[in-house]
Amino acid sequence: MSAKLDKMRAEREKARQKRDEWDRRFKEWDQKYREQENTEICDVTHSYNLTPDQLAELLRMVKETMPETAQVQETTKSFYDKEEEAHED
């Protein structure tokens, strides 16, 4: 093979190894994120002294009374925009 192909093959392999490493790191961080999210959900549930059945009922009630998804997304976005602005100051 030519030196140019050898160099390209080596660079391609190095890029593949980096990609695999980043994929692995992303999976680890995704798992850590989900674990933290679940912990915080449990903490909130416990802080209100809710049983799993009470939480399920509360979530059913909220779902029935929630506005359309687009409205929720717009409200949530504006809330987080205001939060970010407050933290920037």
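The following legends describe close-up views of a predicted model.

Local features need pLDDT of at least 70 and side-chain atom pairs 80 or more, while totals for chains, interfaces and linings use all residues. Residues are numbered from 1 along each chain as its sequence is written, and side-chain values use heavy atoms, without hydrogens and water.

**View A. A salt bridge joins Arg-16 and Asp-20.** Their closest N and O atoms are 2.6 Å apart; a salt bridge requires a side-chain nitrogen of Lys or Arg within 4 Å of a carboxyl oxygen of Asp or Glu. Both residues belong to helix 1 (residues 3-47), four residues apart, or about one turn of the helix. The whole structure holds nine salt bridges.

**View B. The charged end of Arg-25 sits over the ring of Trp-22.** The distance to the ring centre is 4.3 Å. Such a placement requires NZ of Lys or CZ of Arg within 6 Å of the ring centre and within 35 degrees of the ring normal.

**View C. Lys-32 lies over the face of Trp-29.** Here the ring centre is 4.6 Å away.

Note on methods:
Helix = DSSP H or I, 4+ residues; strand = E, 2+ residues; numbered from the N terminus.
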